[in-house]
Amino acid sequence: MLFRRVAQKKIPETDAIFNQLAQINPRADEDETVLRLSLDAKARVWVGDYSRGGLTRVIVKALDHDFDPRAKMIPFGIYLPQYNEVYLYFMTSKLTSDFIADCLEDFWLSQGHRFPQVKTLLLNLDNGSENSSRRTQFMKRITDFADTFQITMQLAYYPPYHSKYNPIERVWGVLEQHWNGALLDTCDTVLKFAQTMTYKGQQPVVKFVQAIYHTGVGLTHKQMAKLEQRFDRLEALPKWFVRIVPLPSGI
């Protein structure tokens with residue numbers, strides 16, 4: 001089990017969370033049966049002929065005012081710290097728990113065969129509204145993922161205002177520099193810039209998700225209470241560290 005009990009002495013919650021992360025992340029990276037994934041969404045990208053600031057070596061003409069954009073693209077990233085691999089998903093719908101879970105499923109369906117020894121996925125996350133361990137639809141989808149793929153899921157969250165320590169955040173910084181000052185005038189332009197960036201010497205896998213997502217999807221209190229029985233929450237930090245073991249296939 002990756003989670004260890006925090007000492008009983010009183011310490012600030014943020015310090016306690018980082019103490020846990022400082023233990024479980026390195027331990028996961030050293031364990032061949034555990035694969036650590038860093039997940040997060042970037043702020044939406046407005047697509048259109050208007051200035052985004054920044055500098056570029058070529059002259060670009062932008063609109064004087066920020067009119068309604070042609071589209072608003074939301075990037076979501078999955079970063080593998082042990083392999084320096086980046087998987088980027090873009091969509092023009094709404095950021096929801098289902099979108100996040102669909103991206104995770106797509107990643108595992110396309111890449112999981114490379115990791116036959118992996119029995120646990122450790123997810124580094126911020127505690128955003130759509131992937132919080134209290135978000136009913138997110139927890140349902142993660143539990144379904146565990147059962148479908150017969151793999152243990154460990155959720156390890158960064159505390160509020162500290163998500164910058166989540167490794168995927170460095171990827172967003174590089175991407176922002178890569179398209180710095182450019183006119184992101186079409187969705188295709190956004191995708192091509194993402195495809196041509198490099199992070200630690202490697203280019204990302206980039207996909208466009210065409211599905212339409214709806215907010216407000218969730219479980220009833222009764223359904224969530226039943227699902228909650230599946231969760232092994234760290235006693236001292238129940239919101240921040242959760243373990244979900246799959247039910248045996250066939251049940």
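**Charges, rings and a buried aspartate**

A search of the whole structure turns up twelve salt bridges. Keep in mind that this is a predicted model.

Start with Arg 114 and Glu 85. Their side chains meet in a salt bridge, 2.8 Å from N to O. This pair links distant parts of the chain. Arg 114 sits in the loop between α2 and β5 (120–125), and Glu 85 sits in strand β4, 29 residues apart. Now, buried or exposed? Glu 85 is buried, with a relative accessible area of 13%. The cut-off for buried is under 20%. Arg 114 counts as partly exposed, at 31% relative accessibility.

Next, Glu 105 and Arg 141. They form a salt bridge too, with the closest N and O atoms 3.3 Å apart. Again the pair links distant parts of the chain. Glu 105 is in helix α2, Arg 141 is in helix α3 (residues 136–149), and 36 residues separate them. Arg 141 counts as buried, at 12% relative accessibility. Glu 105 is partly exposed, with a relative accessible area of 22%.

Asp 188 pairs with Lys 192, and the closest N and O atoms are 3.1 Å apart. Both residues lie in helix α5, four residues apart, about one turn of the helix. Why does that spacing work in a helix? An α-helix has 3.6 residues a turn, so residues three or four places apart point the same way. Asp 188 is partly exposed, with a relative accessible area of 43%. Lys 192 also counts as partly exposed, at 47%.

On to the rings. The whole structure holds ten aromatic pairs. One of them is Phe 18 with Tyr 165, an edge-to-face pair, 5.4 Å centre to centre, with 85° between the planes. Phe 18 lies in helix α1 (residues 13–30) and Tyr 165 in the loop between β6 (152–157) and α4, so this pair ties together parts that are 147 residues apart in sequence. Phe 18 counts as partly exposed, at 24% relative accessibility. Tyr 165 is partly exposed as well, at 39%.

Then Tyr 87 and Phe 107. Their ring centres are 5.0 Å apart and their planes are at 70°, so the pair is edge-to-face. Tyr 87 lies in strand β4 and Phe 107 in helix α2 (residues 97–111), so the pair ties together parts that are 20 residues apart in sequence. Both Tyr 87 and Phe 107 are buried. Ring pairs also build a cluster, made of Tyr 83, Tyr 87, Phe 107, Trp 108 and Phe 115.

Now the cysteines. Cys 187 is partly exposed, with a relative accessible area of 24%.

Here is the aspartate from my title. Asp 40 is found in strand β1 (residues 34–41). Asp 40 is buried yet has no salt bridge. Where is the nearest side chain of opposite charge? That is Lys 42, 10 Å away. A salt bridge needs nitrogen and oxygen within 4 Å. So what is Asp 40 in contact with, leaving aside its neighbours within four places in sequence? The list is Pro 75, Phe 76, Gly 77, Asp 126, Asn 166, Ile 168, Glu 169 and Trp 172.

Gln 150 is not a glycine, although its phi is positive, at about 55°. Gln 150 sits in the loop between α3 and β6, and counts as partly exposed at 37% relative accessibility. Tyr 161 has a positive phi of about 65°, and is not a glycine either. Its place is in the loop between β6 and α4. Tyr 161 is exposed, with a relative accessible area of 81%.

Technical notes. Residues numbered from 1 in each chain as written. Predicted model: local features only at pLDDT ≥ 70, side-chain atom pairs only at ≥ 80, totals over all residues. Heavy atoms only, no water. Helix = DSSP H or I, 4+ residues; strand = E, 2+ residues; numbered from the N terminus. Buried < 20%, exposed > 50% of the residue type's maximum accessible area, 1.4 Å probe, protein only. Lys, Arg positive; Asp, Glu negative; His and termini not counted. Contact = heavy atoms within 4.5 Å. Phe/Tyr/Trp six-rings, centres within 6.5 Å; stacked < 30°, edge-to-face > 60°.
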